[in-house]
Amino acid sequence: LGGQWRNIYDKQCTHFLFQGKPSEVLKDKLLQTAKQNNCILVSHYWLIMCSQTGQQEDETLYPCNYNPNRTIPVLSQRIINKQTKEDINEETHQEEETHQEEEIHQEEEIHQEEEIHQEEEIHQDEEELEREDQEYEDRMIEEMEHDIEIPPVPPPPPPQDNGTDILKKQYQ
């Protein structure tokens, strides 16, 4: 917090730690001088609480006669409220992180579903193209078969006599 401890009072002091009855302040010259120089008189519990909370606490809650064992738990409730606020802030932060993680997870699921849907569409398109290609080929073959008349296969030609038959007959 930046405060400095001094064992001796001087005019640079902003707070004077004193534990006692308020009537004792009127009797002590040093306390009177500190008060006249606008130095704030507080219980040493104020310093302890500032150290515990990490911030400058309200001095009016820690008068010089402050005793936590005899005090109505206003200060304790204040600390509880502060801790509750910190807890709430921490819970809110955790909830925000959880919500962000859930949103990211949902976005990833949506993205994955979109990718799967796109892949299915591509696969369906490919299958449709294959069917169309096959149908086209079938139609072309069918048209070609109707357009082209295939002539009947002619009978084989009779064997030709090259003169060997005559020779065979003569030698028999």
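Visitor: Which residues form a nonpolar patch on the surface, and what is their accessible area together?

Guide: The model discussed here is a predicted one. In it, a nonpolar surface patch is made up of Tyr-136, Met-140 and Met-144. Taken together, these residues have an accessible area of about 300 Å².

Visitor: Where is Met-144 placed, and is Met-144 buried, partly exposed or exposed?

Guide: Met-144 belongs to helix α4, which covers residues 74–147. The relative accessibility of Met-144 is 47%.

Visitor: How many disulfides does the structure hold?

Guide: A disulfide requires two cysteine sulfur atoms within 2.5 Å. The count for this structure is zero. Cys-13 is accordingly in no disulfide; its nearest cysteine sulfur belongs to Cys-39, at a distance of 5.7 Å.

Visitor: Are Cys-13 and Cys-64 buried or exposed?

Guide: The cut-off for the buried class is under 20% relative accessible area. Cys-13 has 16%, and Cys-64 has 9%. Therefore Cys-13 is buried, and Cys-64 is likewise buried.

Visitor: What is the phi of Asn-38, and where does Asn-38 lie?

Guide: Most residues other than glycine have a negative phi. Asn-38 is not a glycine, yet its phi is positive, at about 60 degrees. Asn-38 lies in the loop between α2 (29–36) and β2 (40–42).

Visitor: Is Asn-38 buried or exposed?

Guide: Asn-38 has a relative accessibility of 68%. Because the exposed class begins over 50%, Asn-38 counts as exposed.

Terms used: Residues are numbered from 1 along each chain as its sequence is written. This is a predicted model: local features need pLDDT of at least 70, side-chain atom pairs count only at pLDDT 80 or more; totals for chains, interfaces and linings use all residues. Side-chain values use heavy atoms; hydrogens and water are left out. Patches are made of residues with over 30% relative accessible area and no salt bridge: like charges are joined within 9 Å, nonpolar side chains (Val, Leu, Ile, Met, Phe, Trp, Tyr) within 5 Å. Accessible areas come from the Shrake-Rupley method with a 1.4 Å probe; for residues, only the protein chains shown count as cover. A salt bridge is a side-chain nitrogen of Lys or Arg within 4 Å of a carboxyl oxygen of Asp or Glu. Helices (H or I, at least four residues) and strands (E, at least two) are DSSP runs, numbered from the N terminus. Buried means under 20% relative accessible area, exposed over 50%, partly exposed in between (1.4 Å probe, protein chains only).
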